[in-house]
Amino acid sequence: MNPRFARFRPAAGAAGSGASGVATMAVAGVAAMVLAGCTGGSNDSGADDGHLTVVTTTSVYADVVQQVTGDSGGAGDVSVEALIDSAAQDPHSYEATPTDRLMVQDADLVVLNGGGYDVFMEELAQDAGVPVVNAVEVYGLEGAADAGHDHGSQDSATQDSSAEAGDHDGHDHGSFNEHIWYNPASMGAVGEAVAQELGSLDEANASTYSQNAAQFARETQDIQDRAEQLHLDGDYVATEPVADHLLEAAGLHNVTPTAFTVAVEDGTDAAPLVYDQVRSTLEDDAALLVYNEQTSTGQSQDLRTVAEAADLPVLAVSETLPEEMNYLQWMDQNIQDLQAVDGLERTTESHDH
């Protein structure tokens, strides 16, 4: 292994469900029959029997809810389920199943990312009439109103033109980045929003939810402060802008050509001229490659090879929560791994984010 390779501890790849085709068809058939008889929007069961069910898009948000309810399962009777809970599932391309739809319809609360990241969950929640905590909206992330992944207007010819331009004016990805969980302070705000929703559903335990959320917010703010106190200085190329919020808080600058980022988030390969520009930027201008192992492609794997050949450090990142870690432990480890990267300059200047 390259001694300069650092890791943001991605979750171990999970095996498939192992369900047989017959079982899958049976589940789908039952779901279809149940859905046919549902009117939707009725989520009174939790309030009636004292048991609350929260459904989240990913394991990251499931853990945020658990931070609010408490490690033992909550002050009240609360269960939390994540639709995406392993590194084997790519949130960008995830397609909801009939079982997912039933889970959301039976939920008392849905917690999702928003900002175009998990549109399928937004649609499920809207159809079911379930209360929603939308992380991007809660934090008021700049540019959220215009967010989305429909970049189809930028075709390969436009990408080629962007590559030929060769300037870095388009490299400011800070105006909007939907991977908001890499901004720890934003997760503190989400926790407080979850506490408010749970408190309205379970008034007897509202104060406990509120206290837990306040503690979680303090801890996430501490992690945010630690990132900003790193005062790093340097440029990086990212195979996907997953960890930008944390890296930019630490003082680093994303110089990945915008056309490449657009192609990656659209699930396509970048045009040849765009990809050539990315390789050139990595070799000539960057001090670090940030590599998303969870959605690696032929082009991203090639960039990793280029970085290692140029003796550049590679920082691996992931989108979902590592196994046997909670959110706070994960972000704490991220800070430690970032501190351990060789070759990054430090500055005494503060960074305004």
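**Exercise 1: the setting of a histidine**

His-245 is buried, at a relative accessible area of 16%, where buried means under 20%, exposed over 50% and partly exposed in between (1.4 Å probe, protein chains only). This is a predicted model, in which local features need pLDDT of at least 70 and side-chain atom pairs count only at pLDDT 80 or more, while totals for chains, interfaces and linings use all residues. Residues are numbered from 1 along each chain as its sequence is written, and side-chain values use heavy atoms, with hydrogens and water left out.

Task: find which backbone oxygen the side chain of His-245 reaches.

Solution. Begin in helix α10 (residues 244–249), where His-245 is found. From there, its side chain reaches the backbone oxygen of Asn-177 at 2.9 Å. Then list the neighbours: leaving out residues up to four places away in sequence, His-245 touches Leu-141, Asn-177, His-179, Ile-180, Tyr-182 and Asn-183, a contact being heavy atoms within 4.5 Å.

**Exercise 2: a network of charges**

Task: determine which residues are linked with Arg-304 in a network of salt bridges.

Solution. A salt bridge requires a side-chain nitrogen of Lys or Arg within 4 Å of a carboxyl oxygen of Asp or Glu. First, Arg-304 pairs with Glu-293, their closest N and O atoms lying 3.2 Å apart. Next, Arg-304 also meets Glu-308 in a salt bridge (3.5 Å, N to O); these two are four residues apart in helix α13, and so are separated by about one helical turn. Finally, joining both pairs gives the network of Glu-293, Arg-304 and Glu-308.

Technical notes:
Polar contact = N/O pair within 3.5 Å; in protein donor to acceptor, adjacent residues only side chain to side chain.
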